[in-house]
Amino acid sequence: MSVPSVPAVPGVRTRARRGSRAAGRREQPPAGVSRTAGYFFVALYVVLLLALGIAPVVYAIYLALSSSGGFGANFSDAFNDYRFLPAFEHVLEFIALWLVSQTILVVALVLMLHSLARRVGAVFRFLFYIPGALAGAASVIVWLFMLDPTASPFAFILHWLGYAQFDNTIAPGNLPAIFAIMAFWTGAGGWIVVMYGALNNIPHELLEAAEIDGSNAFQTAFRIKLPLIRKWVVYMLVLAFAGGTQLFVEPTVLGSAALGVGISKYWSPNQLGWFLASQYDEFNEAAAISIVLLAFGLIVAAILVWRGRLFEVE
Amino acid sequence: MSSSIRMTLRRTRQRGLRSALITCAALAIAGATVATTGVAAASAKASSKPLVVWYDAARAAFVKEYKATHPGANVKWVLYDGDGNGSGTLQSKFALYNRVGWTPGVAPDVVFDEENYEAGWLGEPPFNDLLNLKPYIAKSVWSKDEGLGDCLINGKLLCLRNDNAANVLWVNTTLWNQFFPGQQPPTTWAQYAADGQALVKNHPGYYIGEFGQPWDAETYLWGNECPINEAVGNRVLLDNPNSSNCTTIAGLIDSALGAFTTNGPFTTSWVNDKTAQHMVMDIGAIWQGTAIYPSGSSSNGPGTNVIEAYPPPLATNGAHVTGSIGGGLWMVSSHTKQPKAAAALMEYMDTSPKIQESSSIEEGLPAYAPDQGGWLSSLNGVFANPSATEAAIKQAAAEIWPGWSPVPWSVESIFGNTVTPSLISGGTFASALTTLAGNIKSAAQSAGWQVKS
């Protein structure tokens with residue numbers, strides 16, 4: 001799996017407008033039609049969720065727990081695999097770099113954009129979003145060129161850093177940072193659009209009141225706007241963490257482009273799962289690693305939801 | 001807006017936000033990849049099904065020739081990546097077929113594999129997917145295949161070797177005569193390293209070889225009888241990096257490290273830097289002569305007409321041995337319903353003079369000895385000093401050290417992930433040897449092998 005793509009922009013602004021219009025006119029669609037349409041749309045999603053989300057998870061749990069070696073044997077095989085810990089170390093290092101940089105930069109950029117004049121802000125928002133329009137593997141291909149000192153348009157930077165060849169750039173110690181840059185480049189623009197939508201949802205009266213009370217742009221950004229989009233930041237962290245632990249496309253494509261130099265086929269846990277299943281017919285152990293990743297994502301999501309009071313109704 | 005309406009809106013918004021968050025989080029987390037099932041079962045009679053043959057792009061000329069001489073043959077040809085560079089395609093497809101069933105007419109009956117060690121991977125547990133060919137191919141035929149150490153595994157014949165990929169010493173005669181006038185190219189590793197040191201001193205920017213590519217274990221360690229990948233019993237590996245055969249060669253390479261390019265022959269750096277034109281010599285497989293030295297090709301080389309093959313250097317223990325890089329395999333699935341037809345097809349591909357004696361169809365020296373003379377004479381005019389080149393190729397072809405075994409892990413991959421990064425960060429081959437052997441040991445134990453040192 002690639003790092004997570006960003007969901008559709010929450011049309012909070014549009015919804016707020018429509019809401020106020022509806023409230024003004026007191027128009028309500030007939031309850032039956034509304035309910036049927038609701039069930040229809042939800043059903044489409046539920047079918048796909050069951051087929052492509054729940055069923056594979058159930059099958060993975062079944063595979064992970066079925067073993068001739070006794071209950072839990074697949075998990076102990078996975079934990080004892082010499083590639084298991086390094087894979088998790090790699091991915092945690094990547095996540096630490098990526099989440100911190102993405103959170104700080106996305107929030108900073110979106111707050112700056114929101115305080116700019118509307119037209120300028122829209123142009124920058126669009127520019128930030130463009131890289132995100134590239135699908136996972138395609139964006140990695142772009143980076144293959146960017147990172148190759150013999151082909152990159154930014155070769156002078158790579159040479160300045162002392163990298164003469166592609167193999168130098170993708171030295172093992174550089175990989176977490178490289179994947180973090182790739183993930184930021186493809187994902188940040190989408191999140192900026194999402195956060196921008198969230199910022200637009202802040203009542204204008206509130207910002208006006210702050211201004212009248214003498215709040216400067218900086219204070220407004222950090223004391224009014226930021227607390228109001230906190231839930232979206234937490235939401236970004238939940239998705240980014242789950243997607244980050246499942247890192248797959250980037251190291252796989254980079255590894256095959258490097259012709260086997262520097263990046264192993266089991267750099268990340270998700271790759272290790274694939275490697276064990278496809279190269280050694282060890283589907284059960286691979287499933288156990290998938291379940292570990294799932295549990296990892298769920299636990300961190302639960303902590304973030306709880307600590308970030310994500311679902312709390314004020 | 002009244003406070004009650006605002007409250008209602010806020011609740012609606014909260015509910016919307018909440019359901020959106022739950023939905024998106026569930027989607028992202030539940031995306032853990034797990035392959036699911038398919039349906040096997042073939043009801044039709046197997047004999048009516050076509051023979052399915054998987055081949056790689058370099059074997060397209062073989063297929064064309066087969067079609068011309070076998071009109072009406074019921075064969076389904078499937079082009080795939082040949083498992084090149086250890087891509088793992090065959091392992092992943094075989095693993096899936098083992099789960100969903102080997103449907104005749106869909107799953108492959110005959111496979112060409114570019115990786116010379118993979119019969120020991122796909123023909124052994126947990127795969128067990130290769131047919132023992134002994135009942136289907138006459139011994140008088142298969143015994144004439146060279147390099148069968150990669151196919152004869154635990155008493156079974158699991159493949160035929162397509163080409164003999166023994167390593168020779170390729171020398172650029174023009175550069176050699178310019179830099180080493182009156183001197184003969186090296187016949188020992190010590191001379192080879194000494195020439196490298198002289199080159200670093202007198203002609204920096206010119207090379208005696210490349211070092212750092214994944215297959216270099218097969219050049220320098222295999223070529224000096226280094227026992228770190230030697231099967232010495234059923235699923236028993238000898239992995240001893242402390243053997244003098246390993247440490248001596250590593251020390252010699254280190255002594256001339258500046259005379260090796262780290263550019264790989266299939267990289268953009270190789271082409272951009274015109275590396276092939278700076279190789280005074282290089283130890284490489286027979287097929288590399290025509291693959292990386294032609295001028296005006298994508299390799300940007302000096303032209304094969306200035307390149308001559310010499311016998312590989314003697315091992316530091318005095319043995320006449322060499323390593324081997326690549327050299328493809330023909331294999332038959334143990335699940336085939338048409339073993340005789342499948343074996344007949346692979347035998348034709350592997351031995352037919354129409355295919356194997358033509359250097360325009362077969363790029364490497366045919367493994368099937370009776371075809372070698374024809375192939376070598378079809379090379380006339382390609383290399384400098386054709387008769388000496390032919391003699392060197394023939395000599396090397398018979399000297400592949402059998403102690404480097406086909407195993408169910410990729411030494412190339414391990415080498416590329418350990419030795420190369422170590423060299424890039426300024427380390428030496430000798431210092432990386434222990435890590436390399438340690439990782440081979442881990443891979444072997446993980447595959448259920450016992451490891452001795």
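In the predicted model, Arg125(A) is located in helix 5 of chain A, which spans residues 118–129. The C-alpha atoms of Arg125(A) and Gly190(A) lie 8.9 Å apart in space, although 65 residues separate the two in sequence.

Salt bridges were examined next. Side chains of opposite charge can pair when their charged atoms come close. Over all chains, the search of the whole structure returns 4 salt bridges. One of these joins Asp81(A) to Arg83(A), with 2.9 Å between the closest N and O atoms. Asp81(A) is buried at 9% relative accessibility, and Arg83(A) is likewise buried, at 5%.

In chain B, a salt bridge connects Lys156(B) and Glu124(B), whose closest N and O atoms are 3.8 Å apart. This pair links distant parts of the chain, 32 residues apart: Lys156(B) belongs to strand 5 (residues 156–157) of chain B, whereas Glu124(B) sits in the loop between helix 4 (119–122) and helix 5 (139–142) of chain B. Lys156(B) is partly exposed, with a relative accessibility of 27%, while Glu124(B) is buried at 8%.

A further salt bridge is formed by Asp150(B) and Arg161(B), for which the closest N and O atoms are separated by 2.7 Å. Asp150(B) occupies the loop between helix 5 and strand 4 (152–153) of chain B, and Arg161(B) lies in strand 6 (residues 160–161) of chain B; the pair therefore ties together parts that are 11 residues apart in sequence. The relative accessible area of Asp150(B) is 5%, which places this residue in the buried class. Arg161(B) is also buried, at 2% relative accessibility.

Strand 8 of chain B (residues 167–172) is largely enclosed by the rest of the structure, because 6 of its 6 residues are buried. In a regular strand the side chains alternate between the two faces of the sheet. Both faces of strand 8 of chain B are covered: Asn167(B), Leu169(B) and Val171(B) are buried on one side, and Val168(B), Trp170(B) and Asn172(B) are buried on the other. Strand 8 of chain B pairs in the antiparallel sense with strand 13 (residues 281–285) of chain B over 5 bridges, and within this pairing Trp170(B) stands opposite Asp282(B). Antiparallel pairing also joins strand 8 of chain B to strand 14 (residues 307–310) of chain B, over 4 bridges. Here, Tyr310(B) in strand 14 of chain B is the bridge partner of Leu169(B).

Elsewhere in chain B, 3 strands in the order 10-11-17 make up an open sheet with mixed pairing. Strand 10 (230–233) and strand 17 (450–452) of chain B are the edge strands; each has a single partner strand, so one side of each is left without a neighbour in the sheet. From one strand to the next, the twist averages 35 degrees. Strand 10 of chain B and strand 11 (residues 236–238) of chain B are paired in the antiparallel sense over 3 bridges, with Ala231(B) standing opposite Leu237(B).

By class, 7 lining residues of the second largest pocket are nonpolar, 7 are polar and 8 are charged.

How values were computed. Residues are numbered from 1 along each chain as its sequence is written. Chains are lettered from A and ligands numbered from 1 in the order in which they are written. This is a predicted model: local features need pLDDT of at least 70, side-chain atom pairs count only at pLDDT 80 or more; totals for chains, interfaces and linings use all residues. Side-chain values use heavy atoms; hydrogens and water are left out. Two strands pair if DSSP finds at least two bridges between them. Helices (H or I, at least four residues) and strands (E, at least two) are DSSP runs, numbered from the N terminus. Axes are lines fitted to C-alpha atoms, for helices over the stretch in contact, and angles run from 0 to 180 degrees between N-to-C directions. Ala, Val, Leu, Ile, Met, Phe, Trp, Tyr, Cys and Pro count as nonpolar, Asp, Glu, Lys and Arg as charged, and the others, Gly among them, as polar. A salt bridge is a side-chain nitrogen of Lys or Arg within 4 Å of a carboxyl oxygen of Asp or Glu. Buried means under 20% relative accessible area, exposed over 50%, partly exposed in between (1.4 Å probe, protein chains only).
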